[in-house]
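Thanks for coming. I have one structure to go through today, so let me put it on the screen.

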Amino acid sequence: MSRLIVVSNRVAPIAEGKPTAGGLAVGVFDALKQTGGVWFGWSGDIVDGSISPEEIHSETRDNITYATVALSRTDYDQYYRGFSNGTLWPIFHYRPDLSRYDRREYAGYCRVNHWLVARLKPLLRPDDRLWIHDYHLLPFARACREAGIENRIGFFLHIPFPADSVMATVPPHRELMEAMCAYDLVGFQTDADRRAFMDYVCRRLGAARRGDRQVELAGHRIGVGVYPIGIYPDEIQQLSLKHSRSRQITNLKQGLQQRRLMVSVDRLDYSKGLVERFTAFERLLEMTPAHRGQVTFVQIAPPSRSDVEQYRQIRRQLESAAGRINGRWSDLSWTPLRYINKSYDRSMLMSLFRASQVGYVTPLRDGMNLVAKEYVAAQPPHDPGVLVLSEFAGAAEELGDGALLVNPYDPDGMAETLDRALTMPLPERLARYRVMLARLNDNNLSRWRDRFLNDLQGDAMAPEVRPDVAA
């Protein structure tokens with residue numbers, strides 16, 4: 001029986017009692033724990049010196065083998081901090097103004113992809129299926145082919161894929177896209193991402209379309225599909241109950257004194273729209289005096305990439321905005337905004353979602369955003385909260401019938417929508433919740449995994465049966 005080999009930039013074993021991981025780590029872990037297999041990638045360790053360590057650390061927990069390697073300081077700076085997060089991340093989130101390009105960093109990015117392939121190759125068996133994840137590893141399949149690896153290789157992009165003209169602002173864009181065409185299957189979160197990829201390879205590389213789900217370049221056919229990542233709603237519901245009576249949640253509820261609670265949870269990143277979100281909350285207090293003293297907004301934003309100046313800058317902006325809002329609107333018994341810059345255990349977050357009346361999820365651009373899905377799944381079925389969701393999150397394609405969609409660039413529009421969410425009657429909340437929960441159950445994480453791996457298994461992709469999404 002063939003094994004599943006998952007390769008991602010970072011391997012993040014998820015252990016009970018540890019702070020929650022990002023969407024990629026949670027999704028990969030939940031998918032792997034059902035099938036078993038090998039998860040290969042960077043351990044997160046950095047070794048000083050010019051030569052990367054050769055040793056692979058292997059650890060098996062239950063049915064998953066974690067095979068990890070460290071990176072040298074040079075490789076970390078060029079491959080990860082440099083080209084991956086200094087160039088690709090802002091471009092793929094439609095922020096070319098924040099992108100920078102350095103040829104040495106791009107060379108390091110390609111070098112590390114080849115180096116990782118060389119470390120992985122001895123672990124492989126001929127019938128293994130390779131599932132590669134995210135923007136750090138765009139050229140990984142080409143490096144595999146150059147190393148003589150003939151296994152079927154699929155790639156899934158967790159973040160948005162930019163339009164043709166935006167992608168072209170990356171100087172080596174053509175080389176990168178040609179390398180992506182070495183995969184057997186390329187998967188995206190949304191149909192807009194799929195179309196953007198196909199438009200590029202057909203217009204700029206001369207690939208031939210073979211229906212909506214394949215392109216052919218230089219005699220090689222590449223499957224192209226839409227696979228929106230999901231969650232397991234029943235598991236989230238159980239997690240939400242775990243800490244619902246804990247001291248922290250109980251103290252929070254007592255401190256609210258019957259006030260409405262709005263919650264946001266995001267990694268500290270400019271793509272998440274945190275500054276715009278704070279501005280809209282302040283506009284809510286300005287425009288609707290009835291909410292003053294009656295609603296508390298909790299923003300949890302664990303720090304990330306603190307060695308990158310852009311991330312330090314956004315943290316300063318948020319601290320300043322939070323201070324301004326609280327200084328303007330607080331009184332002796334009420335603090336409107338609680339901005340918390342630390343991580344929490346995943347089950348604690350789900351309990352926090354359950355205790356809140358509004359989930360405030362408004363990224364400027366996001367591949368999917370599993371927080372939106374987790375918020376819905378964590379709600380008490382008899383008295384659910386309302387999801388306020390950015391139209392630029394991939395989750396909006398699936399949850400648009402039940403969530404209140406907003407444009408995060410419109411602070412007044414968001415403030416009006418927050419008012420609607422905070423005052424929505426129970427019958428409407430129940431109807432919207434049931435629509436979203438049904439969609440989450442239909443398109444759960446197993447379906448994401450199984451559809452992708454079934455398509456990867458075959459030489460020709462069958463006509464696509466898309467998951468039900470909002471019209």
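C181 is buried, at 6% relative accessible area. Keep in mind that this is a predicted model. The cysteine sulfur closest to that of C181 belongs to C202, at 9.0 Å, which is too far for a bond. C144 is buried as well, with a relative accessibility of 0%. For the sulfur of C144, the closest cysteine sulfur is in C110, 14 Å away, so again too far for a bond. The cut-off for a disulfide is a sulfur pair within 2.5 Å. How many disulfides does the structure hold? The count is 0.

Next, the sheet. Here 6 strands make up an open sheet with parallel pairing, and the order is β13-β12-β11-β14-β15-β16. The edges are taken by β13, residues 337–340, and β16, residues 404–406; each has a single partner strand, so one side of each has no neighbour in the sheet. On average, neighbouring strands in this sheet are turned by 20° against each other, ignoring direction. Strand β15 covers residues 386–390 and runs parallel to β16, joined to it by 3 bridges. Across from V388 stands L404, in β16.

Last, the segment before β1, where β1 is residues 4–10. R3 lies in that segment. What does the side chain of R3 have at 2.8 Å from one of its polar atoms? That is the backbone oxygen of L123. Leaving out residues up to four places away in sequence, R3 touches V38, L123, L124, R125, D127, D128 and R129.

That is what I had; questions are welcome.

Technical notes
Residues numbered from 1 in each chain as written. Predicted model: local features only at pLDDT ≥ 70, side-chain atom pairs only at ≥ 80, totals over all residues. Heavy atoms only, no water. Helix = DSSP H or I, 4+ residues; strand = E, 2+ residues; numbered from the N terminus. Polar contact = N/O pair within 3.5 Å; in protein donor to acceptor, adjacent residues only side chain to side chain. Contact = heavy atoms within 4.5 Å. Buried < 20%, exposed > 50% of the residue type's maximum accessible area, 1.4 Å probe, protein only. Pairing = 2+ DSSP bridges. Axes fitted to C-alpha atoms, helices over the stretch in contact; angles between N-to-C directions.
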